[in-house]
Amino acid sequence: MKIGFIGVGAMAKAMIKGYINSGQVNASDIYVHAPHKEKYREFAKATGINCSDSNQEVAASSDLVILATGPKQVVDALKDVRENLNGKILASIAWQISLERLEELTSYDLPIIRLIPNVNVEVNEGMLIYKANENLVDQSLADTVKNLELLGKMIEVPEDKFDVSGSLMGCTPAYAYLFADIFSRSAVNHGLDKQTATQLAAQAILGSMKMIEKSDKSPSDLIDDVCSPAGGTIKGLLALKKSGFEKAVIDCFDATQE
Ligand SMILES: NC(=O)C1=CN([C@@H]2O[C@H](COP(=O)(O)OP(=O)(O)OC[C@H]3O[C@@H](n4cnc5c(N)ncnc54)[C@H](O)[C@@H]3O)[C@@H](O)[C@H]2O)C=CC1
Ligand SMILES: O=C(O)[C@@H]1CCC=N1
């Protein structure tokens with residue numbers, strides 16, 4: 001399957017790296033275009049993907065056309081390619097742009113899948129939510145989902161839950177990175193070198209997330225298992241609670257929904 005990207009920003013680059021890392025997609029089958037070529041020329045050269053001369057050329061060269069512009073640029077980008085999408089599948093990752101709006105901006109018989117990926121697609125550990133329109137069904141839908149599963153887990157979500165689910169899995173990587181960063185810096189403050197501190201924090205978080213995934217205990221029960229009576233963890237946990245950590249996290253999530 002040939003894959004095109006309209007827009008070559010942070011998320012398109014992460015998806016492209018994920019596709020290539022998967023070993024199932026050749027760089028020579030990936031086509032990209034965005035207005036500022038100088039911003040991705042080096043990336044294209046390093047990965048071996050094709051730089052097209054226009055959005056139309058990307059669409060014409062691809063079977064799956066991934067719209068990866070910011071939400072405000074969707075109208076212009078689709079104006080460019082709407083005549084080149086016959087026989088293609090359109091995938092959009094643009095935040096808050098509904099399937100209905102995508103159909104309005106293209107045609108009502110185009111197979112379209114709306115997605116929110118997260119940046120962890122780069123290492124094939126992404127979480128992607130999706131909803132397809134009624135023109136993308138049966139084998140075509142199954143093939144498209146299988147293709148995107150090269151990048152991580154795909155979960156179908158109703159469109160009215162896209163904003164809340166999208167924040168949870170789309171924004172959370174930034175907060176997880178922040179958590180790892182703060183903990184490792186705190187260890188540096190107590191004398192550990194940054195590289196070791198980052199490695200230890202990352203593996204501790206990675207293993208903890210696997211426990212949540214694989215264990216039949218709730219996160220709250222897992223917390224109890226770490227908190228030895230009168231030990232360091234419970235003291236740290238209560239310090240977090242006292243300093244308003246939970247409220248801060250709730251405020252953070254609420255802010256993503258504004
Ligand atoms: N960064 C992330 O973690 C996530 C981003 N998204 C969504 O993905 C989309 C892209 O996000 P980022 O990559 O972070 O943004 P970005 O700003 O890094 O990339 C946007 C790209 O679109 C290009 N572009 C702008 N107008 C264009 C046009 N008319 N034709 C072709 N290309 C055009 C820009 O030059 C740039 O390469 C957004 O809609 C965002 O909501 C969704 C989930 C997660
Ligand atoms: O911050 C944003 O708007 C995008 C969508 C989810 C992650 N990044």
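Predicted model: local features only at pLDDT ≥ 70, side-chain atom pairs only at ≥ 80, totals over all residues.
How much of the chain over residues 2–94 is helix, and how much is strand? Over this stretch the chain is 37% helix and 19% strand, with its end C-alpha atoms 20 Å apart.

## Overall form and confidence

The mean pLDDT of the chain is 97, and 100% of its residues reach 70 or more. The scores for the model are ipTM 0.97 and pTM 0.95.

The chain holds 258 residues, of which 31% are buried. Its secondary structure consists of 11 helices and eight strands. Along the principal axes, the C-alpha trace spans about 65 × 40 × 30 Å.

## Two domains

The domain assignment divides the chain into domain 1, covering 3–156, and domain 2, covering 165–256. The C-alpha centres of these two domains lie 33 Å apart. Where they touch, domain 1 contributes seven residues and domain 2 contributes five residues. On the side of domain 1, the touching residues are five nonpolar, two polar and no charged.

## Regions listed by UniProt

An unreviewed UniProt entry places the feature "domain: Pyrroline-5-carboxylate reductase catalytic N-terminal" at residues 2–94. This is the stretch with 37% helix and 19% strand described at the opening.

For "domain: Pyrroline-5-carboxylate reductase dimerisation", UniProt, again in an unreviewed entry, lists residues 159–257.

## The surroundings of ligand 1

Ligand 1 is surrounded by 26 residues, and the closest are Gly-7, Gly-9, Met-11, Gln-73 and Trp-95. Sorted by class, this shell contains 16 nonpolar, nine polar and one charged residues.

Which helices each supply at least two residues of the shell? They are α1, at 10–21, and α4, at 74–81. The largest share, three residues, comes from α1.

## Asn-55, a recorded binding site

UniProt, in an unreviewed entry, places the feature "binding site" at Asn-55. This residue is found in helix α3, which covers residues 55–61. Is Asn-55 buried or exposed? Asn-55 counts as buried because it has 26 C-beta neighbours inside 10 Å, the threshold being 20 or more.

Setting aside residues up to four places away in sequence, Asn-55 touches Ile-6, His-33, Ala-77, Asp-80 and Val-81. Of these, Ala-77, Asp-80 and Val-81 have positions within the 74–81 range of α4.

## Leu-85, a buried loop residue

Leu-85 lies in the loop between α4 and β5, the strand at 89–92. Although it sits in a loop, Leu-85 is buried, because 20 other C-beta atoms lie within 10 Å.

Leaving aside neighbours within four places in sequence, Leu-85 is in contact with Ala-59, Val-65, Leu-90, Thr-106 and Leu-110. One further distance places this residue in the fold: the C-alpha atoms of Leu-85 and Leu-64 are 9.5 Å apart, while 21 residues separate them along the chain.

## Ala-197 and helix α8

Ala-197 belongs to helix α8, which comprises residues 194–214. This alanine is buried, because there are 21 other C-beta atoms within 10 Å. Apart from neighbours within four places in sequence, Ala-197 is in contact with Ser-184, Ala-187, Val-188 and Leu-192.

How far apart are the C-alpha atoms of Ala-197 and Lys-217? They are separated by 28 Å, and the two residues are 20 residues apart along the chain.

## Helix α10, a helix in the open

Why does helix α10 lie largely in the open? Helix α10 covers residues 232–242, and of its 11 residues the number buried is zero, so the helix lies largely in the open. Just after α10 comes Gly-244, which takes a positive phi of about 85°.

Definitions and conventions: Residues numbered from 1 in each chain as written. Chains lettered and ligands numbered in written order. UniProt positions renumbered as here; feature names shortened; annotations may be inferred. Near = placed C-beta within 6 Å. Helix = DSSP H or I, 4+ residues; strand = E, 2+ residues; numbered from the N terminus. Nonpolar A, V, L, I, M, F, W, Y, C, P; charged D, E, K, R; others polar. pLDDT = per-residue confidence, 0-100. Buried ≥ 20, exposed ≤ 12 C-beta atoms within 10 Å, placed from the backbone. Domains from an automatic or database assignment. Contact = placed C-beta atoms within 7 Å.
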